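Good morning, and thank you for making the time.

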Amino acid sequence: MAYASLVSLQQTAHLVLDDHNKYSISVGEREQITSIREYVIFLIPFLENYPEKANRLEGKIRDLAYEAEDLIEYFMWNQFQMDWSVGLSRVEFEGRLNRVREQIGSITGDMTDDRLCNLPAAISSSRVAASGKNAVVIGLDEDLLAMKDRLCGSSKLEVIPLIGMGGIGKTTLALNAYNDSLIMGYFHIRAFVQISQDYSTKDFLSKVLASITLFEEQMFGEKKESGAAKNVCNESEIAQNVYQGLKGRRYLIVMDDIWSTRAWDAVKYVFPDDNNGSRIMLTTRDSDVASYASSGSPLHQMKFMDENQSWDLLKQKVFTNRQDCPPELEYIGKAIARSCRGLPLAVVLVAGILSAEVKTQISWEKIAKNVNSVVDGKVDDILSLSYTLLPHQLRSCFLFMAGYPDKYVLPNGRKDVRRISIVHSRFDEIRRPTIHTILCFAKSLDCSSPAVVVSFRLLRVLDVMLYRDCLPPQVFELFHLRYLALSFSDKIPTAISNLQNLQTLIIGSGKRIFKPHHLPLEIWRLPHLRHLIFVGLYTLPIPADRQTLPLDKLHTLMGISDFVCTERILEMMTNLKKLGFSTRVPSFPNLANLHQLEKLKIRASGSFSWQGPHLAFPKTLKKLTLVGGRLPWKDMSIVGLLPNLQVLKLKAFACDGDTWETSYGEFPQLKFLLIEGSNLEHWVTEKDHFPRLERLVLHQCWFLQEIPDSIGEISTLELIEVGYVRSSLMESVRKIQEDQQSYGNDALHFRYFNADY
């Protein structure tokens, strides 16, 4: 949680320091907050690169970050209220802030003294950095010899991929090869960098550059101010310095835990091939990624340990300091080792459980009867290990999800931690004014006292979607809210504009309504709004032409009724990724300029018509749902030419006409096609018109005579589902099923519903 608290503190400090117009801040206050932010900027990468040291101080760092952020947010609240009479006075605020600044500075100083500047490489993997020495290599002797042969083999630049499932020993093998004395002497420059799913190209390049800098310092005896040691911030400049620093030198770069070809493509150009025996080693779970990066170089497939190797590893982990396994435990110990099925990580986890138990035959037999249940019994130990190995940016998410019972079946009562509270009946049960998150699962709450709501002045997340009664207006004074989900029976008040930090707003109907609610114009005055979602009938106001709207951060706009898509509004929503609306206007809006849009849902009714000069969709669309509107089937080629479309749903006579004829080159990426409610009679198509189709679903296609036989020949097709169709269509599907089964195509499945229409 230390990492998450620091990132949150950094963002809060940015808000105060960078928005000069909103906050009146003295020179002394600015200096203190700036100093805290600078300490935080140092500490965040320290937590990533030195986890062993950081883990010992995690609780202290977290608490100080929380305290500093609470103070700054109190400051922001008082500025918003223009009142220092409640809570801390300004003098008290400055005094406490200075004390916290000094404590954070002290930790930063201690960590600066402990930085391991003499490491021979930029080791970033938490597993690697924490290990210090090479990990145990039981079962990897042959793999290590093979790695050393390849690393010191031909002079041509070679990419060596290590592939296998998680926990099988890829990183252990790579690290042992990397730290082998022969390898250390053979390569001029070495760098070991963890990539992971949430990779950063700039971070990777910076770590490689750090290794080059270290080499140059050792070579020339002093820090060089040019070349690789140059202090640069721009990614392209860092890449150029990496290339120049590696040029002419024999290097070994280990990219640990790479998940995608994109990660490889982003950095492969910085590795020069000087025919001097340089190597790049990858570890990955994905054989496609390995093959892609290796360009024909052999892949090294990791193997499971055999029973003897599993037992040797278990003994080495359980019996340390040259202890021997007692003879009476050997038989049962081997059985336990076998139950780990050759996976090194499983052996290590079970060894941790055995080490904590009394080493007697009775205790080991209990473990052997059901290793899985014993593992479950030691879940805290295992979760602790999993937590330690997680990247810091994922730890808070891990802990947050761990707070929920299995399958979200929440018990009666509440859970109350420092910043998260789950309530079922009364808000006033929550005692901490610094609470940041309240999740409500009750339909009726006792929150009649405004003071109860206002007391949560630092609240960031409030989810009361299930709450059906009227919320007190003081909710709209919670200045720090980032996420608000609520049901509202009455008119949304103009005070919504007070929530200047709001990023996600979800509004549902408190009761069943039959005419749209009109939202206030102030809905557009939320500068940080990213996601605006409506459940029910809500219409957006049309802003005045002269009004400037802060909509550039809006990514999601869903559930709008009677949406009037004016050109002006669309121009200010250029970063939209998800859009869903219903409309009755006569013409189709021009959406082609929404260049980030990936998901679109349109529900058409009334006098709406697809005809018009702007019948076009963004080429970035991946998912399109059309409900009603009766788009002529002949115009479906406009949809078919969308290069990235993967999901297409046509509902309630979204298209009109008796014949749909497709063409080659259309729907190149489409995987899912649904037609539900249609007057289509004839479908003329070929298998190569849907080259990637995986699922075809036809419901309520009452007039469609048959499905073309060529549909069954699509090699990627996994499912054909039909329901509420005429018998002739059903017969054509059954014929396709018989034909494909006769060809041995068992991968294609069929699903039938009522067919007597």
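**A covered strand and its neighbours**

Let me start with strand E24, residues 695-699, which is mostly covered, with four of its five residues buried. Buried here means under 20% relative accessible area, exposed means over 50%, and partly exposed lies in between, all with a 1.4 Å probe and protein chains only. Helices (H or I, at least four residues) and strands (E, at least two) are DSSP runs, numbered from the N terminus.

A word on the basis of this talk: the model is predicted, local features need pLDDT of at least 70, side-chain atom pairs count only at pLDDT 80 or more, and totals for chains, interfaces and linings use all residues. Residues are numbered from 1 along each chain as its sequence is written, and side-chain values use heavy atoms, with hydrogens and water left out.

Returning to E24, which strands does it pair with? Strand E22, residues 672-676, runs parallel to E24 and is joined to it by five bridges. Strand E25, residues 719-723, also pairs with E24 in the parallel sense, over five bridges. Two strands are said to pair if DSSP finds at least two bridges between them. To give the residues, Phe672 has Arg695 of E24 as its bridge partner, and His699 stands opposite Gly723 in E25.

**The open sheet**

I now turn to an open sheet of five strands, whose order is E2-E3-E4-E1-E5, with parallel pairing. Its edge strands are E2 (189-194) and E5 (300-301), each of which pairs on one side only.

Strand E1, residues 158-163, pairs with E4 in the parallel sense over six bridges. Within that pairing, Leu162 has Thr283 of E4 as its bridge partner. Helix H7, residues 141-151, packs on the sheet, where it touches E1, strand E3 (251-256), E4 and E5. Contact means heavy atoms within 4.5 Å. The direction of H7 makes about 165° with that of E1; axes are lines fitted to C-alpha atoms, for helices over the stretch in contact, and angles run from 0 to 180 degrees between N-to-C directions.

E3 also pairs with E4 in the parallel sense, here over four bridges, and Ile253 has Ile280 of E4 as its bridge partner.

Is E4 enclosed or open to the outside? Six of its six residues are buried, so E4 is largely enclosed by the rest of the structure. In a regular strand the side chains alternate between the two faces of the sheet. In E4 both faces are covered: Arg279, Met281 and Thr283 are buried on one side, and Ile280, Leu282 and Thr284 are buried on the other.

Helix H15, residues 327-339, has a kink of about 25° centred on Gly333. The bend at a residue is the angle between axes fitted to the seven residues ending there and the seven starting there. Gly333 is itself buried in H15, as are Leu329, Ile332, Ile336 and Ala337. After H15 comes Arg341, whose phi is positive, near 60°.

In helix H17, residues 361-369, Ser363, Trp364 and Ile367 are buried. They cover an arc of only 95° around the axis, which puts them on the same side of H17; the arc is that of the directions from the helix axis to the C-beta atoms. On the other side of H17, Ile362, Lys366 and Lys369 are exposed.

**Aromatic pairs**

How many aromatic pairs does a search of the whole structure find? The search gives 13. Rings of Phe, Tyr and Trp (its six-membered ring) pair if their centres lie within 6.5 Å; planes under 30 degrees apart count as stacked, over 60 as edge-to-face and the rest as tilted.

The rings of Tyr186 and Phe187 have centres 5.0 Å apart and planes at 90°, so this pair is edge-to-face. Tyr186 counts as partly exposed at 23% relative accessibility, whereas Phe187 is buried at 3%. Trp683 and Phe690 form another edge-to-face pair, with 6.1 Å centre to centre and 80° between the planes. Trp683 is buried, with a relative accessible area of 6%, and Phe690 is buried, with 0%. Both belong to a cluster in which ring pairs link Trp633, Trp660, Phe667, Trp683 and Phe690.

**Two loop residues**

I close with the backbone. Asn275, in the loop between helix H12 (261-265) and strand E4 (279-284), has a positive phi of about 55° although it is not a glycine. Ala652, in the loop between strand E19 (647-651) and strand E20 (655-656), is likewise not a glycine and has a positive phi of about 50°. At 42% relative accessibility, Ala652 counts as partly exposed.
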